[in-house]
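Hi,

Here is the structure I promised to pass on. Have a look, and below it I've put my notes on the aromatic rings.

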Amino acid sequence: MIQIEIDSGSGFCFGVTTAIKKAEEELAQGKTLYCLGDIVHNGMECERLREMGLITINHEEMRELHDVKVLLRAHGEPPETYELARRNNIEIIDATCPVVLQLQKRIKKQYEAGGGQIVIFGKKGHAEVLGLVGQTQSSAIVIENFDEVTRLDFSRDIYLYSQTTKSLDEFHRIIDYIQSHIAPDATFKSFDTICRSVANRMPNISQFATKHDLVLFVCGRKSSNGKVLYNECKRVNPNTHLIEGPEEIDVSWLTDINTIGICGATSTPKWLMEQCRDAILKMQ
């Protein structure tokens, strides 16, 4: 009999949990509720909420709405979204994660102080990053990885921030590089804005992955932190597979396996990991 363990540290982070709870509370009252973008980067959880009545929209569709309620998910939004809501008499249910909200305020304050380059280590086009860049009237420079740090102007002041779900190790590599290349008369300041509830999962999930013969990392393929955590699992345990749900489990993976570890991203619901466990039990 194969032993299966679900990682107790995996599952929704505080920000995602809060956003989903707010959506469920509104929907339970039978009210029409729109959500700007996928509430979480997990297709199955989005489908569950859609069946409850949540209507997912994009920014173009929001421009056509008036006198409705729109939920802003944990990733946050740029100032223009709030201005649009004001013009269209849209009631905002703001589920922006407090960690992201604090980061937005810090970047806005730095931008208003003027001078230097505001640099954000993050994924271009990611919802959170768009919200952060929006605090600077789109003047912030986004670098996705260490290799892009060479694009910066080291003769000018640099203020470095990070998307909350990026890799702590890579962020520190970028800091080291800037420190060694910045001009003597230029200022460099870095602000560690990586969410610890995500960053702390890295060593924990690494340890979890080493304990098992096979690791199933359950995650929506659009999840940013999911990619980081999955790659860490794969690094310490090459017999790791990324799946979005139980239907992607290949029975051939179970051959000569004694223990299976099931884990996931901050956007992975516990019930989905449990479904994967139950599917394996039926395959045995």
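**Aromatic pairs and their surroundings**

Tyrosine 230 is buried, at a relative accessible area of 17% (buried is under 20%, exposed over 50%, partly exposed in between, with a 1.4 Å probe and protein chains only). Before you go further: this is a predicted model, where local features need pLDDT of at least 70, side-chain atom pairs count only at pLDDT 80 or more, and totals for chains, interfaces and linings use all residues. Residues are numbered from 1 along each chain as its sequence is written, and side-chain values use heavy atoms, leaving out hydrogens and water.

Rings of Phe, Tyr and Trp (its six-membered ring) pair if their centres lie within 6.5 Å; planes under 30 degrees apart are stacked, over 60 edge-to-face, the rest tilted. That rule gives 5 aromatic pairs. One of them is stacked: phenylalanine 121 with phenylalanine 171, 6.2 Å centre to centre and 15° between the planes. They sit 50 residues apart, in strand β6 (residues 117-121) and helix α7 (residues 168-181) respectively; helices (H or I, at least four residues) and strands (E, at least two) are DSSP runs numbered from the N terminus. Phenylalanine 121 is buried at 0% relative accessibility, and phenylalanine 171 is buried at 0% too.

Back to tyrosine 230: its ring makes a tilted pair with phenylalanine 217, at 6.0 Å and 55°. Phenylalanine 217 is in strand β10 (residues 214-218) and tyrosine 230 in helix α10 (residues 224-236), so the pair ties together parts 13 residues apart in sequence.

Finally, ring pairs join Phe146, Phe154 and Tyr177 into a cluster.

Cheers
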